[in-house]
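User: I would like to learn how to read salt bridges, cavities and pockets in a protein model. Could you take me through them one at a time?

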Amino acid sequence: PVELAQRYFIEGADEITFLNITSFRNCPLKDLPILELLKMTSETVYVPLTIGGGIRDVTDPDGKTYTALEVASQYFRSGADKVSIGSDAVDAVENYYKNGKVPTGTSSIEQIAHVYGSQAVVVSVDPVRVYVKSPDDTPHHTIKHNEKGPNGEEYCWYQCTVKGGRERRDIDVHELTTACEALGAGEILLNCINKDGTNSGYDIPLIIDVKKHVTIPVIASSGAGQVAHFTDLFKECPSVDAALAAGIFHRKEVQIEQVKREIVNSLSIPIRL
C-alpha cells in the first residue's frame, strides 16, 4: 500500500484513501499495522490521506476499551488527515432518528467532528438498489433509474448496508446522508454495491440525487472503468465534488494524468495537473 500511495502521488492523485476492510481487530490498537502504514506513507506523500475501517468503540484482546474518538486520534497522530466512518455511521443515524432527530453528542461522528472539525470526518456509504414498481410501494426515498430492475422496474431506493455490505439495514441513502450532515460529517464518500467491480461507470442518478439533498462535499465512487466514465460523471453531475477510483489505477489500465487532462480538455473544469 505504501508503494502504491507513493506512485499515485507522483502520478497526480489529489487525495489518497485507505479503506482497511479487515480492521485488524484481533490485535491491540497500538499495534495496528495500519498505523505504521500511515506513518510511512505520510513521510513521502504530500496530499491528504483518508483512512477508513474500524472507526468505532473497540475493546482490545486484553479487555482495554477505546472510544471511536480515541481510535481516530491514533490515526490522526499517525498521519491521517481524515477518517472515514462506515458501519458506525449507520448505527449513529439509526439512533438519531430514534431520538427524534435530536443529536446526543455521543456518536463517533459528533465526537470526532467536535475535536478535529467536520472537515476531518468522512462518511462512507455502501448502498444497494432495491427495485420497486412504484414509489408508492415503499416508504423510502426512491428515484427513477435508467438501469431497470430484473422485472423491468423503473424505480428503486438505496438500502444502506454495514459490515462491508454483508448486512442490510432499514434505512435509505437519503435518510443516512442528510442525518450524517446534521450530526457533523464534513464529506460523503458515496459508493454503490451494484457498481462495484463492474467497470460500467458511476451510478450517476444516485450521485445526482444525493447532491440535491446535502450541502457537504460528495465524492463519487464505484464503477469507473475507463476515462469516459469520469467525464460522463462531471458532465452529467457538475455539482459532484470529486471522483474516486481504485482498480483501474492499481492495474495501470488508466493513468491518473490521462483522466485529469481529458476532464480539462473536454469539460474545461479547472483541475490540478
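This is a predicted model: local features need pLDDT of at least 70, side-chain atom pairs count only at pLDDT 80 or more; totals for chains, interfaces and linings use all residues.

User: What counts as a salt bridge, and how many does a search of the whole structure find?

Analyst: A salt bridge is a side-chain nitrogen of Lys or Arg within 4 Å of a carboxyl oxygen of Asp or Glu. By that criterion, a search of the whole structure finds 17 salt bridges. In one of them the side chains of D14 and K260 meet, with 3.2 Å from N to O. This pair links distant parts of the chain, 246 residues apart, since D14 sits in the loop between α1 (2-11) and β1 (16-19) and K260 in helix α10 (residues 256-267). Helices (H or I, at least four residues) and strands (E, at least two) are DSSP runs, numbered from the N terminus.

User: Which residue forms a salt bridge with E187?

Analyst: E187 pairs with K82, and their closest N and O atoms are 2.9 Å apart. Because E187 lies in strand β11 (residues 187-190) and K82 in strand β5 (residues 82-85), the pair ties together parts that are 105 residues apart in sequence. Both E187 and K82 are buried.

User: Which residues are linked in a network of salt bridges?

Analyst: The network links D91, E94, K163, E167 and R169. Within this group, the side chains of R169 and E94 meet in a salt bridge of 2.9 Å, N to O. R169 lies in strand β10 (residues 167-172) and E94 in helix α4 (residues 87-98), so the pair ties together parts that are 75 residues apart in sequence. R169 counts as buried at 18% relative accessibility, while E94, with a relative accessible area of 22%, is partly exposed.

User: How should I read a cavity, and what lines the largest cavity here?

Analyst: Rolling a probe the size of a water molecule over the atoms shows where empty space is left. On a 1 Å grid over the protein atoms alone, a cavity is a set of points where a 1.4 Å probe fits but cannot get out, and a pocket is an open set with protein on both sides within 12 Å along at least five of seven lines; lining residues have an atom within 4 Å of a point. Grid points are joined across faces, edges and corners, and a volume is the space filled by probe spheres set on the points. The search finds one cavity of 30 Å³ or more, with a volume of about 60 Å³. Its lining consists of H141, T142, I143, Y158, D172, V173, H174, L206 and D209.

User: What is the volume of the second largest pocket?

Analyst: Its volume is about 220 Å³. Of the 17 residues that line this pocket, A92, N95, T106, S107 and S108 lie nearest its centre, and the largest share of the lining, five residues, comes from α4.

User: Where is I16 found, and which residues is I16 in contact with?

Analyst: I16 is found in strand β1 and counts as buried at 6% relative accessibility. Leaving aside neighbours within four places in sequence, I16 is in contact (heavy atoms within 4.5 Å) with A5, Y8, F9, V45, V47, P48, L49 and T50.

Notes
Residues are numbered from 1 along each chain as its sequence is written. Side-chain values use heavy atoms; hydrogens and water are left out. Buried means under 20% relative accessible area, exposed over 50%, partly exposed in between (1.4 Å probe, protein chains only).
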